[in-house]
Amino acid sequence: MYDVERKKTKYELIFDALLDSLREVYSPATVNLWFEPMSIYAIDDETVGFRIPENRREFVETQFGKVITEKISDILGRKVKIIIKNEERFSEAGFDPDIEIVESGGGDGKTVDSAYRERFNPAYTFKNFVVGKSNQLAQSASLAVAKHPAELNNPLFLYGNSGLGKTHLMFAIINEIRANHPEHYKILYVTGEEFTNELIEVLAQKKAGVFREKYRGVDVLLIDDIQFIAGKMGIQEEFFYTFDALYTANKQIIIASDRAPRDIDNLEDRLKSRFEMGLVADIQPPDRELRMAIFKRKALDYDFDLSMDVLSYLADNITTNIRQIEGSLKKLKAHTLITGEKCTLPVAKVVLTEYFTKLRSENSTIDRIFDSVKQRFGVTREELKSSKRSADIVFARHYAIYVIRKTTNLSQKSIAKLFNKKDHTTIINSISFIEARIKSDPAFEREINQLISELQD
Ligand code: ADP
Ligand code: MG
């Protein structure tokens, strides 16, 4: 079984750091599908050995080999080669003759697949959720729901930007209910995306009955990232009936989204109003005090002793996303494990300066772009991010998207996120719209290029 208390091994921490840096480049789906099933089984001076299920090996090697090599070399602070081995070989031989094993990597068989690990993640509890002003309402409402399902706050709707703890709270609710009532509640957690895919599949197989039985037979339904069903009419309709069936039967429903119900584009009004029937709780970015507290708490989890000056340095540099708190700690931990150095402020600076500069320059360029769009078009950042479609806002939005694409390294997907859009087709549209305008209007071309070159200084 999965052991909650088990300390992560050195290889696992290094692998975590690798996953984090791959997440900076690839989408969550890619990371989940191709990288999460991997693990590190050996590291020596020149080589890192990975294992991976055979059906993924060739693709990962040819498509991602170069990037993995680059990233892991970065993390280790030296140039290494990588070897990727078929996992099935290990169960027979137990070792790999091509590489010297310096330290065994945990040896727990690694049969738990990532979907399972994610779904019942026992590591996300109320105990290790650090509470501050910005998340206090969401935390207390979640705790109340966990203690008394379907008695208060039904539905509970949690919303906030990515990386602020929504999924953590959902799993904390699951873990708390399971701890208090081991057999009593049927709990189902799905993401909006999974709900959608599953429904499409059962409809194709004409098995909608089975689907309904499954969803309407639970005591607690948790739907994460519900914004995914926006714009999908059939899916919303089915979800509406699921919601009503559960609600009428007095079952607990918990929903998470990246924005408030009223701000989800292309979501049916009847769903919006249902989502607002219980309690809607937002999570805001953490203030400095909360960031410090989270760093302290996470450092403890990583068995990591950090002095006040290092904690301050970290809290000053990570401001918007708690996932980045973990990312920076993992980088530090991997570094100190590998070099044996103590984590002093100068060491922390060497390890993290580049990472922080990257986070910061992306943030500040974007701030400047929003500022200049506001000056030029009188359209605010909030309006750009909203779903408003008046001609002036639409134009300013195209403009901002184009400029961001030209001046940052953000992927189309991340830009889409910045504008609360579900997928990157919006971004492609904006770019071709502005490109067409540039072709037909030399004055416009001069003007926009001027701004772009100013931003690149
Ligand atoms: P979201 O679902 O809102 O995008 P997550 O729940 O996945 O965010 O949180 C991102 C990471 O940050 C997780 O590893 C989570 O454990 C951690 N985290 C977020 N908020 C807190 C908190 N208040 N205390 C401790 N860890 C947190
Ligand atoms: Mg989440």
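1. Start with where the ligand 1 shell comes from. This is a predicted model. Two domains each give at least three residues to the shell around ligand 1: domain 2 (100-282) and domain 3 (288-343). Look at both stretches when you inspect the site.

2. Next, the helices. Three of them each supply at least two residues of the shell: α7 (166-180), α12 (288-301) and α14 (322-339). Find these helices in the structure before you turn to single residues.

3. How many residues surround ligand 1? The count is 18. The closest are V130, G163, T167, H168 and E326. By class, the shell has eight polar residues, six nonpolar residues and four charged residues.

4. Now the polar side chains. E326 is among the closest residues, and an N or O atom of its side chain is 2.6 Å from an oxygen atom of ligand 1. K298 places a polar side-chain atom 2.9 Å from a nitrogen atom of the ligand. For N135, an N or O atom in the side chain is 3.3 Å from a nitrogen atom of ligand 1.

5. How much of ligand 1 does the protein bury? Taken alone, the ligand exposes 560 Å². The protein buries 95% of that area.

6. Step back to the whole chain. The domain assignment gives domain 1 (8-94), domain 2 (100-282), domain 3 (288-343) and domain 4 (361-456). Keep these bounds in hand for the next point.

7. Consider domain 2 and domain 4. Their C-alpha centres lie 33 Å apart. The contact between them takes seven residues from domain 2 and five residues from domain 4. The size of an interface is often given as the accessible area lost when the parts come together. Here the buried area is about 470 Å². Carbon and sulfur atoms give 43% of it.

8. Two backbone details deserve a check. Most residues other than glycine have a negative phi, and most peptide bonds are trans. Against that background, the bond joining N154 and P155 is cis, with omega about -5°. P155 sits in the loop between α6 (136-147) and β4 (156-160).

9. Where is D225 found? Look in the loop between β6 (220-224) and α10 (233-248).

Methods. Residues numbered from 1 in each chain as written. Chains lettered and ligands numbered in written order. Predicted model: local features only at pLDDT ≥ 70, side-chain atom pairs only at ≥ 80, totals over all residues. Heavy atoms only, no water. Near = heavy atom within 4 Å. Polar contact = N/O pair within 3.5 Å; in protein donor to acceptor, adjacent residues only side chain to side chain. Areas by Shrake-Rupley, 256 points an atom, 1.4 Å probe, with all protein chains shown as cover. Helix = DSSP H or I, 4+ residues; strand = E, 2+ residues; numbered from the N terminus. Nonpolar A, V, L, I, M, F, W, Y, C, P; charged D, E, K, R; others polar. Domains from an automatic or database assignment. Contact = heavy atoms within 4.5 Å. Buried area = accessible area lost by both parts, 1.4 Å probe.
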